[in-house]
Amino acid sequence: MVNRLPRGCVNVGGELASAMEECRRIFLSFFENWGYSPFLPSGLQLLESAWDKLPSQVRSRLVALTTPYGEPCCLRGDITLAAVAYLASHYAPEEQPLRICYCDRVYMKSAPPRTSIESFQIGAELLGWEGEGADAEMLSLLLRVLDALGLERTTIALGDSTFLQRALASAESAAAESLADALRKGSLPDYFAALEKGNIPDFYRTILSAIPRLRGDISVLSEAEKLWGRGAPLSALKTTAATLESQGYGNRISIDLSLARDPGYYSGPLFEVYSWESGRSLGGGGRYDRLLSSCGLKGQAMGFALDLEQAASLSSFPSRRSPTMAWAGGLSPEEALRRAADLSSDGTRIEMNWNGDRNASLQAAEKRGCRSWVDLASGTAFTLFPAGKGGAS
Amino acid sequence: MMLTIALPTGRVFSDAAEMIAGAGLPCDGLASPGRKLVIEAGEFRYILAKPSDVPLYVSYGTADLAFAGGDVLLESAMPVVELLDTGAGRCSVVVAGPRSQAERFRGHASELMGLKVATKYPRIADGHFSARGVQVDIIHLHGSIELAPKLGLSDCILDIVQTGSTLRANSLEVLEHVCDVSLRLVASRKSTALRWKEVQSVMNKISSHVKEKRP
């Protein structure tokens, strides 16, 4: 029988699923060690609660439905909103900040060329901290966890929505909207056309003209500061970049002051994560204080989410998770399982084999890509080179 | 690390190749590529791709930069960074049809309800008509669009027009202007974020060449 999936949906199995599970485990355990609590949000969100609070780009891609109780809902398209609502209803102000981490599916229509409507997200949020440090903590932990996931060849493109928003505040609202829209779309010809048309004071026109080229290494921040002069809205970004640089991550960040997202949602530093091995962004995040204030909460909110499937496929885990085949070799199931449990107690991955024939068991180990084979009865072991291929030694 | 530039084969290939040469980028082998689809010259790798596939190469980051027609970019709706309008290959996307349809287009939008539109740009057609609240029947064709009204397959077409001679040869006239398109220099979001200096250098060289050529 053909088990056809709805368009845009996916079953994940095999090595990729193993790699995703390993990445999930490493990610959650890493953040738990830094005081982040796992969070398991509801699969459905009420449209009446979510609609006004989500960024416009997310709203237009939600998967809407009605529950059996007749309530208009959407499949969870975003975990951040659920996390903020949880903070608002479960924690008193003196219990803030709240640190959470998560790994779950989200459902949204993808932008072309992708057609998927579901994906796996891993992410972390730091909610309700009013002082300094949240941005640096989040980005520093992000870089560390990328390393732990075997994604050392990644770079974070770091921008700050405040810089653009302050410069746009000088323009009439229609011109400001056209400029921000052109940057979001990624069209420099449209951006410069809107800039030419807009009635903008010279000082801000100079800054806005420069924004599309304010990208590169950390020295771009000095260039932007020189351009703006005193009061350049870059202090949060400068502090964060300096902290990351002092931690040895200077070569893992690049500055992009043209990064633009929904100004009604993001309110400070924002970033995208890129791997040198892949063209698409692995994910991103930023500061979204306005969502907190719309829920009646004080303080900053900073978070990020990564695509788990992409992270796992770029990590080195798919190729290093092949198990050891444990052949029962005529032992009773009870004894074979006892010996296998001893063997796995040091973390060795075991796959039991109950075949009556020794050679057939060895062949099965090769076919299934096992890195080694062990006879539980005699204790004889073979390493298979490379995993599952070539002869036994 | 090499910079990869995707070039569209077909009508605009010569424009793109001329711009690369004019900008002073290494281009050995580009003038007569023969059957080659990948050409390496100096620090550059050129990929020769079907025009409609070019945005895909860029959005997946396979190519750092590319030349792509504005019509192709609009139709693909893929996330790329548009760096420069080169002005080459300038033409218009229009709705065209037999003279008998002109009255419908001059009247109220309700006159256009149920209009049958043949096009190889279904996304642009949908965006154009739905922005005005007009529901049309879009017929997706892959070529010889001008035949559709003649054969009764559609009321009109949405297509690109340069001189208008093909329209006239098929007894069609422009009923509505949709947008102007031309050859654009685009880049992947990743490359503009991580390799901006190299991307900017190519952009500046091509921009200078385009300005020099403009009358």
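**Close-up views of a two-chain model**

**Figure 1. Chain A as a whole.** Buried residues account for 40% of the 393 residues in chain A. The model is predicted. Chain A has 15 helices and 16 strands. Its C-alpha trace extends about 85 × 55 × 45 Å along the principal axes. Among contacts in chain A with a separation of 6 or more, 68% join residues 24 or more positions apart.

**Figure 2. Helix α5 against helix α11 in chain A.** Helix α5(A) covers residues 134-148 and helix α11(A) covers residues 235-249. Their axes come within 9 Å. They cross at roughly 35°. The crossing of α5(A) and α11(A) is right-handed. From α5(A), the contact takes Asp135(A), Ala136(A), Leu139(A), Ser140(A) and Leu143(A). From α11(A) come Ala236(A), Thr239(A), Thr240(A), Thr243(A), Leu244(A), Gln247(A) and Tyr249(A). By class, the residues of this contact are six nonpolar, five polar and one charged.

**Figure 3. Helix α1 against helix α5 in chain A.** This view pairs α5(A) with α1(A), residues 14-33. The two axes come within 10 Å and cross at roughly 140°. Because of that angle, α1(A) is oblique to α5(A); the cut-off for roughly antiparallel is over 145 degrees. The crossing of α1(A) and α5(A) is right-handed. Helix α1(A) contributes Ile26(A), Phe27(A), Phe30(A) and Phe31(A) to the contact. Helix α5(A) contributes Leu141(A), Val145(A) and Ala148(A). The contact of α1(A) with α5(A) has seven nonpolar residues, no polar and no charged.

**Figure 4. The cis peptide bond at Pro97(A).** Gln96(A) and Pro97(A) are joined by a cis peptide bond. Omega is about 5°. Pro97(A) sits in a loop of chain A, between α4 (79-90) and β5 (98-107). Most peptide bonds are trans.

**Figure 5. The side of chain B that touches chain A.** Contacts link 24 residues of chain B with 20 residues of chain A.

**Figure 6. Positive phi at Ser144(B).** Ser144(B) is not a glycine, yet its phi is positive, near 45°. Most residues other than glycine have a negative phi. Ser144(B) lies in a loop of chain B, with β8 (137-140) on one side and α6 (147-150) on the other. Is Ser144(B) exposed or partly exposed? Ser144(B) has 13 other C-beta atoms within 10 Å, so Ser144(B) is partly exposed. The cut-off for exposed is 12 or fewer.

**Figure 7. Positive phi at Ser171(B).** Phi of Ser171(B) is about 55°, a positive value in a residue that is not a glycine. Ser171(B) belongs to the loop between α7 (165-169) and β10 (173-181) of chain B. Is Ser171(B) buried or exposed? Ser171(B) is exposed, because 12 other C-beta atoms lie within 10 Å.

Notes
Residues are numbered from 1 along each chain as its sequence is written. Chains are lettered from A and ligands numbered from 1 in the order in which they are written. This is a predicted model: local features need pLDDT of at least 70, side-chain atom pairs count only at pLDDT 80 or more; totals for chains, interfaces and linings use all residues. Axes are lines fitted to C-alpha atoms, for helices over the stretch in contact, and angles run from 0 to 180 degrees between N-to-C directions. Helices (H or I, at least four residues) and strands (E, at least two) are DSSP runs, numbered from the N terminus. A crossing is left-handed if the near helix is turned anticlockwise from the far one by less than a right angle, and right-handed if clockwise. Two residues are in contact if their C-beta atoms, placed from the backbone, lie within 7 Å. Ala, Val, Leu, Ile, Met, Phe, Trp, Tyr, Cys and Pro count as nonpolar, Asp, Glu, Lys and Arg as charged, and the others, Gly among them, as polar. A residue is buried if 20 or more other C-beta atoms lie within 10 Å of its own, exposed if 12 or fewer, and partly exposed in between; C-beta atoms are placed from the backbone. Angles under 35 degrees count as roughly parallel, over 145 as roughly antiparallel, 65 to 115 as roughly perpendicular and the rest as oblique.
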